[in-house]
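Biologist: Could you take me through one part of this model in detail, namely the place where two chains meet? I would like to hear how the pairing is built, starting from the single chain.

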There are 4 protein chains.
Amino acid sequence: MCRWAAYRGKPLYLEELVSSPAHSLIEQSHCATRAKTATNGDGFGIAWYGERPEPGRYRDILPAWSDCNLKSLARQIRSPLFLAHVRAATGGGTRRDNCHPFVHGVWSFMHNGQIADFEHLRRPMESMLDNDLYAARTGATDSELLFLLAKQFGLERDPLAAMAETIGLVERLAAQLGRKVLVRFTAAFSDGRTLYAVRYATDLHAPTLYAAPMDRTGGYCLVSEPLNDDTDAWVEIPDGSAVVLGEDGIDVQLFAPGSHAPAKGNLAVAG
Amino acid sequence: MCRWAAYRGKPLYLEELVSSPAHSLIEQSHCATRAKTATNGDGFGIAWYGERPEPGRYRDILPAWSDCNLKSLARQIRSPLFLAHVRAATGGGTRRDNCHPFVHGVWSFMHNGQIADFEHLRRPMESMLDNDLYAARTGATDSELLFLLAKQFGLERDPLAAMAETIGLVERLAAQLGRKVLVRFTAAFSDGRTLYAVRYATDLHAPTLYAAPMDRTGGYCLVSEPLNDDTDAWVEIPDGSAVVLGEDGIDVQLFAPGSHAPAKGNLAVAG
Amino acid sequence: MCRWAAYRGKPLYLEELVSSPAHSLIEQSHCATRAKTATNGDGFGIAWYGERPEPGRYRDILPAWSDCNLKSLARQIRSPLFLAHVRAATGGGTRRDNCHPFVHGVWSFMHNGQIADFEHLRRPMESMLDNDLYAARTGATDSELLFLLAKQFGLERDPLAAMAETIGLVERLAAQLGRKVLVRFTAAFSDGRTLYAVRYATDLHAPTLYAAPMDRTGGYCLVSEPLNDDTDAWVEIPDGSAVVLGEDGIDVQLFAPGSHAPAKGNLAVAG
Amino acid sequence: MCRWAAYRGKPLYLEELVSSPAHSLIEQSHCATRAKTATNGDGFGIAWYGERPEPGRYRDILPAWSDCNLKSLARQIRSPLFLAHVRAATGGGTRRDNCHPFVHGVWSFMHNGQIADFEHLRRPMESMLDNDLYAARTGATDSELLFLLAKQFGLERDPLAAMAETIGLVERLAAQLGRKVLVRFTAAFSDGRTLYAVRYATDLHAPTLYAAPMDRTGGYCLVSEPLNDDTDAWVEIPDGSAVVLGEDGIDVQLFAPGSHAPAKGNLAVAG
């Protein structure tokens with residue numbers, strides 16, 4: 001189980017979510033309280049939007065708690081929209097290319113969850129990618145592959161529909177191949193303007209997702225676990241939901257996997 | 001709290017203690033059961049004796065559980081005497097120079113424990129070192145400094161006496177400077193022929209130390225925590241003890257800090 | 001341009017080729033004399049055969065000249081057959097999974113050279129792999145892919161024929177796709193009993209390959225560049241050659257890419 | 001020989017000096033043209049001033065040319081005053097703590113040069129530090145030690161005088177101890193408002209230092225080597241000079257080592 005936090009609002013120093021609070025990501029990486037695995041020592045990453053359309057990114061394979069660079073960057077960088085992630089590997093070796101957030105063009109993506117029998121689904125999933133996206137795959141995780149498939153299925157056009165198609169594809173693929181159909185998926189992603197998050201699982205055991213307003217900024221924070229003990233402030237987002245944080249504030253919608261084949265993606269593969 | 005294991009006997013693949021058993025060091029690094037800190041993700045190291053008098057060593061700052069090199073080396077290297085350590089930092093940054101075991105000439109040393117107020121004792125402790133040993137200090141940990149001081153105080157001549165003088169020095173120094181006198185020290189060290197271990201604390205809360213015979217080799221294993229649930233096999237070494245594993249088998253002695261100033265060391269400093 | 005050295009003979013400390021001579025691999029990694037690129041600072045690796053059928057391996061992404069672990073391991077480990085490599089990246093990021101030697105089962109492989117337009121050949125080359133070999137690919141280099149394809153085409157059955165088929169496949173694939181047909185390939189590989197090397201290029205500009213007897217051991221050393229200035233000792237292996245170092249000494253054969261489709265490989269892909 | 005670049009002016013993306021020009025620092029790290037050592041693969045670092053008084057910093061031990069984090073940060077971060085450094089180690093292992101720039105409070109410092117016989121001067125130099133500065137030393141380089149000594153001798157009060165005292169101290173110390181008196185020192189340092197640089201050597205062989213105006217920003221760039229072939233733009237700063245880049249533009253002064261003992265520093269040591 002990984003941990004992550006994402007923010008959209010007035011520019012905020014990354015350290016406010018990454019290292020400062022009592023239950024900051026770095027603290028959580030050492031000793032999570034609601035998590036199933038004891039430790040998140042398999043690397044970390046941050047992606048933040050600044051003056052350019054595409055985000056900056058810093059990732060490394062050390063435990064987050066022992067990385068001086070992360071502390072200095074989180075203290076120095078202020079951003080109106082950023083993602084931060086600490087990793088507990090479920091698959092894919094400990095290397096930078098496997099650390100979240102993943103970035104492609106202006107998009108960033110990070111994930112907490114898993115796909116059952118991924119080792120058997122990986123190759124057919126990769127075969128769905130266009131050549132450009134295939135070449136863009138530098139790691140070995142299921143998370144990066146879900147992100148690239150969402151790009152394939154129209155992330156730029158309709159982000160939540162593309163993500164729904166991606167999840168639906170994985171479920172159908174697992175069923176077709178006679179594998180266990182189990183997807184647990186709590187993810188955040190952004191194009192630098194809007195921040196999206198999804199909580200979904202085939203078995204109703206999706207990793208948790210919480211939202212809280214940040215009083216001082218008028219913005220919102222989305223997290224895999226509350227960052228402090230102010231239990232009133234944190235609202236649990238229910239399983240099967242998508243959160244959209246944009247200029248008009250926060251919006252929570254139903255989220256269900258796409259039920260039909262993504263035509264464009266299939267054509268691309270056929271060609 | 002760190003974790004360590006040491007072995008002396010017929011040549012044994014390092015993986016037998018490092019990665020194979022149910023409670024191997026690597027497994028312990030992920031989730032320790034008797035330890036106070038949840039995680040040992042701040043690096044690891046192995047030192048083993050082979051055909052040369054001085055040991056080989058491999059250290060790195062990744063968590064032990066995610067290092068492919070460690071798995072390959074532990075599977076390939078067989079040694080009649082080796083030390084292995086996983087680190088949970090109490091002081092000194094996460095970098096290779098701070099990872100145990102420390103090596104100087106033919107000697108190797110690793111440690112689990114702490115010195116209270118070390119930041120105030122560090123400089124006077126370092127000032128006791130000869131120029132050669134001062135220059136040999138490459139890290140910032142209390143553990144490396146205890147090792148170098150023991151070298152200063154005659155580790156080659158009388159290993160246990162030198163270690164006793166070192167501990168005694170720290171206690172007297174803390175008292176003289178009006179600091180808290182608290183040393184917890186569970187360490188193993190070797191010259192490649194004999195394996196020594198010490199369990200000692202000023203407050204009777206020394207980190208644990210266990211010994212077990214290795215049936216297949218006629219050798220012995222010393223560990224900070226039992227490597228499996230065969231509770232009959234593991235004998236707890238009491239606080240205030242030193243263990244000597246040599247050609248004549250295992251010997252357990254009383255261990256108490258040296259009560260008089262180490263004359264030679266002081267002279268060296270004066271010079 | 002990478003640098004490598006390989007040895008087969010009586011057990012030799014790795015440091016004799018890796019760090020000791022005037023032109024050792026580590027020295028070469030700093031400042032190569034016959035090479036086109038100034039520096040080999042993109043990682044290194046060693047694979048050696050010991051008491052087990054499969055080799056041990058150590059790889060890291062630091063420059064070889066600054067890695068204390070490498071120096072200690074090369075000084076401690078003695079082996080009758082080993083491969084050592086320093087990397088100057090031509091493609092594939094600087095990460096451990098992209099460092100040579102690559103290992104699969106008992107086989108090890110390392111390479112100096114390049115495939116033109118590899119980014120366009122990569123996907124069809126990967127599609128030729130069986131599921132097991134596809135899953136075994138952890139890096140992004142052309143070198144690892146050539147190794148896995150050789151496994152696919154019968155490396156265990158007939159090592160040189162399998163390698164010839166692999167090279168032939170790449171040439172045909174490039175021609176079919178209308179890409180530049182350019183392969184430069186100077187590689188060494190082994191199953192732990194016999195050491196093989198190949199020097200070949202489509203344009204007669206294959207990276208150099210030299211062989212020299214090791215007087216003290218009765219063994220032979222194969223290198224990308226001579227390890228010292230004793231020019232009489234080093235014999236240049238001509239372009240279009242394969243070297244076999246086995247129990248009967250050294251044998252040099254002609255090497256040419258396989259001219260027909262590797263039937264078994266294709267069937268495997270079809271299935 | 002290390003390479004560095006520093007900038008003061010209107011906010012500039014770090015990549016303009018670090019990765020963009022034909023002779024950027026990253027390019028220079030691969031293949032320097034005026035340098036004595038072929039390669040700068042022993043790590044790198046950047047320190048930049050933003051909204052806080054103290055600088056942000058990012059350092060790592062990989063070669064600069066292979067670090068994706070550096071490229072992303074240099075592309076994303078814009079700053080009115082920053083320092084960037086690539087390292088070719090002359091002493092001190094390859095580890096983050098030995099990478100420039102060094103930072104203490106609001107001050108940053110980076111250096112290209114060397115002190116002869118430093119291994120014999122190190123301990124007496126370290127003994128001159130106050131306890132706070134002694135504890136702040138985390139690496140083993142001569143460069144970090146020069147920086148901390150300058151802090152000891154009044155860097156905040158009179159930066160150039162403090163640096164002159166530091167150099168003078170090293171020269172006197174070497175003479176007193178009968179060692180070779182050789183200091184080569186081309187350094188840049190800043191408090192976030194003013195950017196200072198010094199070029200000095202006891203033997204008139206100081207590493208080069210160049211300055212150039214940045215047309216678009218009205219600011220200035222200081223570099224160890226010109227960043228492009230526009231030879232008219234770069235002015236060589238002569239040996240024995242200090243450069244001050246402040247609100248009033250650029251000022252070049254004579255620089256000579258301090259000729260009297262720094263009274264305050266000596267008292268601190270005596271206490």
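Modeller: Happy to! For a chain of 271 residues, a compact globule would have a radius of gyration near 18 Å, and chain A of this predicted model has 17 Å, so the two agree. The C-alpha trace of chain A spans about 50 × 40 × 35 Å along its principal axes. In secondary structure, chain A has eight helices and 13 strands.

Now to the pairing of chain A with chain D.

How much of each chain takes part? Chain A gives 25 residues to the contact, and chain D gives 25 residues as well. Between them, chain A and chain D bury about 2,000 Å², with 33% of it on carbon and sulfur atoms.

The polar side of this interface is worth a slow look. Between chain A and chain D there are 20 residue pairs in polar contact, both residues being at pLDDT 80 or more. The elements of chain A that give two or more residues to the side touching chain D are strand 3 (56-60) and helix 3 (68-76). Helix 3 of chain A has the largest share of that side, with six residues. Sorted by type, the residues on the side of chain A that touches chain D are nine nonpolar, five polar and eleven charged.

The charged residues bring us to the salt bridges, of which there are ten across the interface of chain A and chain D. One of these pairs is A:Glu54 with D:Arg75, whose closest N and O atoms are 2.6 Å apart. Another salt bridge joins the side chains of A:Arg96 and D:Asp60, at 2.7 Å from N to O. This pair joins two chains, because A:Arg96 lies in the loop between strand 4 (78-86) and strand 5 (102-104) of chain A, while D:Asp60 belongs to strand 3 (residues 56-60) of chain D. Over all chains, the count comes to 68 salt bridges.

Chain C and chain B bury about 2,000 Å² between them, and 32% of it is on carbon and sulfur atoms. Chain C and chain B share ten salt bridges. Among them is the one between C:Glu15 and B:Arg52, with the closest N and O atoms 3.1 Å apart. Polar contacts link 20 residue pairs across the interface of chain C and chain B, both residues at pLDDT 80 or more.

Methods: Residues are numbered from 1 along each chain as its sequence is written. Chains are lettered from A and ligands numbered from 1 in the order in which they are written. This is a predicted model: local features need pLDDT of at least 70, side-chain atom pairs count only at pLDDT 80 or more; totals for chains, interfaces and linings use all residues. Side-chain values use heavy atoms; hydrogens and water are left out. Buried area is the accessible area (1.4 Å probe) that two parts lose on being put together, summed over both. A salt bridge is a side-chain nitrogen of Lys or Arg within 4 Å of a carboxyl oxygen of Asp or Glu. A polar contact is a pair of N or O atoms within 3.5 Å; within protein, one must be able to donate a hydrogen and the other to accept it, and residues adjacent in sequence count only if both atoms are side-chain atoms. Contact means heavy atoms within 4.5 Å. Helices (H or I, at least four residues) and strands (E, at least two) are DSSP runs, numbered from the N terminus. Ala, Val, Leu, Ile, Met, Phe, Trp, Tyr, Cys and Pro count as nonpolar, Asp, Glu, Lys and Arg as charged, and the others, Gly among them, as polar. The radius of gyration is taken over C-alpha atoms; the globule rule is 2.2 Å times the number of residues to the power 0.38.
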